[in-house]
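Dear colleague,

Please find below the structure that I am handing over to you. My notes on it come after the display.

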Amino acid sequence: MVAEVGRIVFWSVIASTPLALLVFAARPWGGGFLANLRRLVIDYRWHIGLFLVILVEKNWVDSLNDPIRGVFGDKTWLVAEIEGDLTLRLQRALEHDWLTSFLNVHYLWGYVFLNYFTVMLWGYRDDRELANLAALNYSIIYVLAIPFYIFFNVDVTSDYIPGMKALLYHSGPGFYSFFTAHDPLDNAWPSLHIAIPFGLILVTWWTMRRRGYTLLDWEHRRYLVFIIANTAVFAFSILYLGVHWATDIPGGMIIGLLGAIIADEWHKEFFAFCHKGEQAVWKALKALATPKKVA
């Protein structure tokens, strides 16, 4: 069941790519759809590689979670002292089956789609600056969050506040198995559902302004509005579904701001270093494979 949910999300996100590109990049970008996808995979291989690195890193961090938590302890009490049962009152006031079902899907599918498709869109449009910023933003924000997840453990609200329902985790046997297998349930602060899209908003907005555009006349305005709208939905759903505390939102925004600043400052140097390193490796391999001439 765990693998089934993961496969459904993964393949449905991949399958949505042509339609999403039609919506947000309606005109072909030099050569047609299939030619652009091929170019994207080749020219933006380092960006795709960053996602794979983060997936491996996440599994490693999760393996450290329980042993280190035993040393540094649980900090959920501190967050609970600050905000009390705010999320419980929000959930009870607005709970509805249809709303729960929509937000459950959006929390998982929408988050994966936003992280994946943003880089794919900029790569498809061959906007290397925005692709660099999006990929590096995602990677840096996750790295910045690691110390908090290891040393500042905060339980999800539905596991701590009496009466708070785990609307996300108990929405079905598939969801429950998936999240218990992939989520230690004590990495609430800060919220990456806020940090990563907020960082994307910032780097995209800064790039727009640097190029002399406003939101009204920029060709990518629809996608920027799409990111903003989804971030607003995340901000509500993480509280309503019994996952995050209200203070996890400003925490996520702070981490997102730091990640965006670092990505904006260093993206050119980082990817230039990657490409130079790749060229050096290929040059060394070519030298090893070339027979030496006998004097």
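The notes below go from the whole chain to two individual residues.

This is a predicted model, in which local features need pLDDT of at least 70, side-chain atom pairs count only at pLDDT 80 or more, and totals for chains, interfaces and linings use all residues. Residues are numbered from 1 along each chain as its sequence is written, and side-chain values use heavy atoms, with hydrogens and water left out.

The protein chain has 12 helices and zero strands (DSSP runs, numbered from the N terminus: helices are H or I, at least four residues; strands are E, at least two). Of its 295 residues, 47% count as buried (under 20% relative accessible area; exposed means over 50%, partly exposed in between, with a 1.4 Å probe and protein chains only). Among contacts (heavy atoms within 4.5 Å) between residues at least 6 apart in sequence, 88% join residues at least 24 apart.

Ile 82 belongs to helix 5 (residues 76-83). Its relative accessible area is 60%, so Ile 82 is exposed.

Ser 191, in the loop between helix 9 (173-182) and helix 10 (192-210), counts as buried because its relative accessibility is 0%. Leaving aside residues up to four places away in sequence, Ser 191 touches Ile 238, His 244, Asp 248 and Gly 252. A polar atom of the Ser 191 side chain also lies 3.3 Å from the backbone nitrogen of His 193.

With kind regards

Notes: Polar contact = N/O pair within 3.5 Å; in protein donor to acceptor, adjacent residues only side chain to side chain.
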